[in-house]
Amino acid sequence: MILAGRRRSDRMRDTRAMKGDVHDAERARRFRDAALPHLDEIYTLARYLLRNTADADDAVQECYLRALKHFDTFRGGAIRPWLFAIVRNVCRSNYARRGFSDEEPSEAALPLWVEAQETPEAQVLRQRDEESIRKMVSELPGQFREAIVLREVNDLSYQEIAEVVGTPVGTVMSRLARARAMLRAAWLAAEKEGGDDL
Amino acid sequence: MTCEEARVLLHALIDGELDAGHAREVENHIANCPECASALAHYQELRQTLRSANLRYAAPDALRSRIEAAIPVPATRVPMQTRRSLLQGFALGTAMSAIAATGIVFFVVRSVQDERILGDVVSAHLRSLQAEHLTDVLSTDQHTVKPWFNGKLPVAPPVPDLTTQGFTLLGGRLDYIDGKPVAALVYRRRVHIINLFVAASQNLDRAPGRGGEMIQGFSVQEWTDQGLRFIAISDIGADELQEFRRKFEAAAVSSN
């Protein structure tokens with residue numbers, strides 16, 4: 001696919017005047033400068049969405065190829081939401097193609113707050129190591145996982161998250177609310193089960 | 001406001017996404033509802049914990065190389081001189097036709113230089129993020145950073161400490177804009193880096209009064225003060241960078 005893309009762009013280049021070459025090089029340079037610094041963040045989202053290193057690698061590479069191809073359609077503004085939206089779409093379509101269905105629980109059925117069973121002291125979340133926090137985030141259902149990763153890990157505003165996932169800002173807010181409720185519940189459950197072992 | 005509503009809105013409150021009116025409503029509800037107050041406290045704690053943990057993943061080097069190889073530019077950067085002369089040639093062509101079309105010589109020539117300076121500002125900012133060359137002098141102490149520039153530049157940039165105002169000083173370095181040495185002060189806002197370039201104003205001579213703008217997705221603020229030209233660039237929002245400028249200017253005046 002990469003090869004085919006190259007060949008086509010070669011053909012296109014042949015038919016172009018000098019000015020087109022200058023434009024291509026300049027465009028690629030602008031793309032490189034604008035998009036490459038965000039590689040870790042894009043990769044982070046892909047890792048959380050696909051929960052697998054090899055899949056994340058493929059998705060991120062495809063994201064950058066698509067982004068370069070469509071860089072002309074990017075009209076200024078913040079580039080991060082634009083890149084996040086592309087990698088999210090790649091992840092979703094790859095996931096679907098491989099026959100996975102990312103089952104989404106009905107939002108209204110999810111609680112906004114889980115009361116801890118224990119005394120107030122036990123409600124204080126025990127500090128956990130990064131690996132177990134990553135695991136808890138990874139186990140959230142897809143739409144809540146992406147909301148929490150975009151917000152807490154990649155530090156996007158509600159408006160930017162809304163652009164990336166294509167929902168109104170109010171939906172972003174309620175997904176974050178439920179994502180945090182689920183995380184908190186998972187946290188409390190882990191404490192109850194494993195105590196200090198985890 | 002019902003508890004149900006408050007339990008959603010309190011997240012926007014924690015995230016600083018509520019306007020003053022709604023924030024007050026949620027705060028009023030929480031002041032009178034111990035359950036929602038407890039939820040707020042717990043979610044704040046959860047958020048703190050998530051934010052202080054490093055939950056990011058680093059892209060593998062092999063992936064980075066594959067992507068770089070797929071972008072049709074030699075992996076080594078086009079030498080500065082070549083690229084600049086190329087750009088100048090290109091810009092001059094545009095400028096010439098514009099001159100022919102409008103006859104407004106002064107403005108056009110000026111704006112070509114403006115674009116070049118802005119292009120350099122963006123490149124310098126990106127280089128600082130990419131090449132692990134953010135700072136030459138790494139210090140959060142303004143009294144270490146400021147004297148470091150002595151003898152390296154013909155100007156002494158103000159280096160105010162803005163930590164208490166939400167912008168942490170990381171250090172400084174020497175950089176080049178438009179072929180001239182400039183001071184680069186580095187501040188941090190949450191996870192975002194702000195580069196502030198400072199030079200004698202005749203060295204960064206741009207059309208005055210530009211204020212804030214967006215270039216390639218970066219916010220840019222520029223201003224002139226006491227013969228110095230300041231250009232700040234970051235991926236934070238335009239309002240936040242404007243806030244940085246305001247605080248920097250205020251602190252620079254009081255430190256003089």
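Start with chain B: it holds 8 helices and 7 strands. Keep in mind that this is a predicted model.

**Stop 1: chain B as a whole.** Select chain B and colour by burial. Of its 256 residues, 27% are buried. Next, turn to the contacts inside chain B. Take those between residues at least 6 apart in sequence: 55% of them join residues at least 24 apart.

**Stop 2: where chain B meets chain A.** Show both chains. Here 42 residues of chain B are in contact with 46 residues of chain A. Now select, in chain B, helix H1 (3–14), helix H3 (34–52), helix H4 (61–70), helix H5 (80–102) and helix H6 (105–130). These are the elements that give two or more residues to the side touching chain A. Which helix gives the most to that side? Pick H3(B), with 9 residues. Then colour this side of chain B by class: 25 residues are nonpolar, 8 polar and 9 charged.

**Stop 3: the largest nonpolar core.** This core has 62 residues. Select Ala46(A), Val60(A), Cys63(A), Leu83(A) and Val87(A), the members that touch the most others.

Zoom in on Val60(A). Leave out residues up to four places away in sequence. What does Val60(A) touch? In chain A, look for Ile42(A), Tyr43(A), Ala46(A) and Val87(A). From chain B, Ala59(B) and Leu63(B) also touch Val60(A).

Now move to another core, which lies apart from the largest one and has 32 residues. Among its members are Ile117(B), Val145(B), Leu196(B) and Phe230(B). As background, nonpolar side chains in soluble globular proteins tend to be buried together.

**Stop 4: a helix pair in chain A.** Select helix H3 (residues 39–50) and helix H7 (residues 142–153), both of chain A. Their axes come within 10 Å and cross at roughly 150 degrees. An angle over 145 degrees counts as roughly antiparallel, so H3(A) is roughly antiparallel to H7(A). Look along the pair again for handedness: H3(A) passes H7(A) in a right-handed crossing.

Show the side chains at the contact. H3(A) contributes Thr44(A), Leu45(A), Tyr48(A) and Leu49(A).

Technical notes. Residues are numbered from 1 along each chain as its sequence is written. Chains are lettered from A and ligands numbered from 1 in the order in which they are written. This is a predicted model: local features need pLDDT of at least 70, side-chain atom pairs count only at pLDDT 80 or more; totals for chains, interfaces and linings use all residues. Axes are lines fitted to C-alpha atoms, for helices over the stretch in contact, and angles run from 0 to 180 degrees between N-to-C directions. Helices (H or I, at least four residues) and strands (E, at least two) are DSSP runs, numbered from the N terminus. Angles under 35 degrees count as roughly parallel, over 145 as roughly antiparallel, 65 to 115 as roughly perpendicular and the rest as oblique. A crossing is left-handed if the near helix is turned anticlockwise from the far one by less than a right angle, and right-handed if clockwise. Two residues are in contact if their C-beta atoms, placed from the backbone, lie within 7 Å. A residue is buried if 20 or more other C-beta atoms lie within 10 Å of its own, exposed if 12 or fewer, and partly exposed in between; C-beta atoms are placed from the backbone. Ala, Val, Leu, Ile, Met, Phe, Trp, Tyr, Cys and Pro count as nonpolar, Asp, Glu, Lys and Arg as charged, and the others, Gly among them, as polar. A nonpolar core is a set of buried Ala, Val, Leu, Ile, Met, Phe, Trp, Tyr and Cys residues joined through C-beta atoms within 7 Å.
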